Amino acid sequence: LVISNLDFHYINDIPQYLIEIKNILKPRGIFIASFFGEENLSELAHVLHLTENEIYGGISPKMPPTIDVKTAANLLQKAGFQNPISDFERIEVEYLDPLNLLKDLKAMGQGNVMLQRSRRFFTRGFLNKISKNYRRLYQNNNGKILATFEIVTICGSK
C-alpha cells in the first residue's frame, strides 16, 4: 500500500511519479492518493487575481496547477495501474474573516511554492483589499465568507 495525501501540487512530473509508485508496489498492491482538485479555493483564486490586478495592474500565478478528476484516472491508467478509480468531494467551509482562511492555509503549509510567482510581499494594504473584495463577492447571509475545498481521491492497483 502506498498513500499520497495532499502533495501532488509539489510534484513536477506526475506521470513519472505514478510510474515509480507502481514499480515499488508488490503485485496486487494498492495506491491511494488525495490532492486538491481544479476547483479548489476558486473563490480565493478569483479574489487574488482581482485584487492583484487592481493594485499592481497585472497578475502572477498564486495557485498551484491542479488536475481534474477525469485526467487523474487517465494518468493512473497510462502509468499501468489496474482498475483506476477517481472521485472528488467539495467541502464548503465558512470563515468569519478572509484573513482566517489565509492563516489556516499557512498553518497547513500551503504557501505559494511556484517558481514563476511574484516576489512581492502581501502588504497590509493588499491584505485589506483581499478581505474587502472577498467579503463583497463571497460573503453569505450569515456575514461569513465561503471557501470551497475540492479534494480528488484516486486509487489503482498493480
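## Ground rules

Contact here means heavy atoms within 4.5 Å. Helices (H or I, at least four residues) and strands (E, at least two) are DSSP runs, numbered from the N terminus. This is a predicted model, in which local features need pLDDT of at least 70 and side-chain atom pairs count only at pLDDT 80 or more, while totals for chains, interfaces and linings use all residues. Residues are numbered from 1 along each chain as its sequence is written, and side-chain values use heavy atoms, with hydrogens and water left out.

## Confidence

The average pLDDT (the predictor's confidence in each residue, from 0 to 100) is 88 for the protein, and 89% of the residues score at least 70.

One stretch calls for some care. Over residues 113-117 pLDDT stays under 50, and the model has nine contacts beyond four places in sequence for these residues. Where pLDDT is low, the predicted coordinates should not be read in detail.

## Two nonpolar cores

A nonpolar core is a set of buried Ala, Val, Leu, Ile, Met, Phe, Trp, Tyr and Cys residues joined through side-chain atoms within 4.5 Å. Buried means under 20% relative accessible area, exposed means over 50%, and partly exposed lies in between (1.4 Å probe, protein chains only). The largest such core has 20 residues, and F8, L18, F31, F81 and I154 have the most contacts inside it. Two or more residues come from each of α1 (14-24), β2 (30-36), α3 (69-78) and β4 (145-157). Apart from this core lies another, of 17 residues, with L41, Y95, L101 and I130 among them.

Not counting residues up to four places away in sequence, F81 touches L18, I21, K22, L25, F31, L76, G156 and S157. S157 belongs to strand β4 and counts as buried, at 16% relative accessibility. Leaving aside neighbours within four places in sequence, S157 is in contact with G29, I30, F81, Q82 and N83.

On helix α1 we also find Q16, which is partly exposed with a relative accessible area of 35%. The C-alpha atoms of Q16 and A79 are separated by 7.9 Å, although these residues are 63 residues apart along the chain.

## Helices α2 and α5

Both helices can be checked against an expected span, which is 1.5 Å times one less than the number of residues. Helix α2 (42-56) has 15 residues and reaches 21 Å from its first C-alpha to its last, close to the 21 Å expected. Helix α5 (residues 124-138) also has 15 residues and should span 21 Å; its end C-alpha atoms are 21 Å apart, which agrees.

In α2 the buried residues are E43, L44, A45, V47, L48, T51 and E52, and they pack against α4, α5 and β4. Just after α2, G57 takes a positive phi of about 75 degrees. In α5 the buried residues are F126, L127, I130, S131, N133 and Y134, and what covers them includes α2, α4 (98-107) and β4. I130 is also one of the residues of the 17-residue core.

## Salt bridges

A salt bridge here is a side-chain nitrogen of Lys or Arg within 4 Å of a carboxyl oxygen of Asp or Glu, and by this rule the count comes to four. Among them is the pair R90 and E150, whose side chains meet at 2.9 Å, N to O. R90 lies in strand β3 (residues 82-95) and E150 in strand β4, so the pair ties together parts that are 60 residues apart in sequence. R90 is partly exposed at 47% relative accessibility, whereas E150 is buried with a relative accessible area of 4%.

K144 forms a salt bridge with E94, and their closest N and O atoms are 4.0 Å apart. K144 sits in the loop between α5 and β4 and E94 in strand β3, 50 residues apart. K144 is partly exposed at 29%, and E94 is partly exposed at 39%. D97 and R135 form another salt bridge, at 3.0 Å, N to O. This pair links the loop between β3 and α4, where D97 lies, to R135 in helix α5, 38 residues apart. D97 is partly exposed at 21%, and R135 is partly exposed at 26%.
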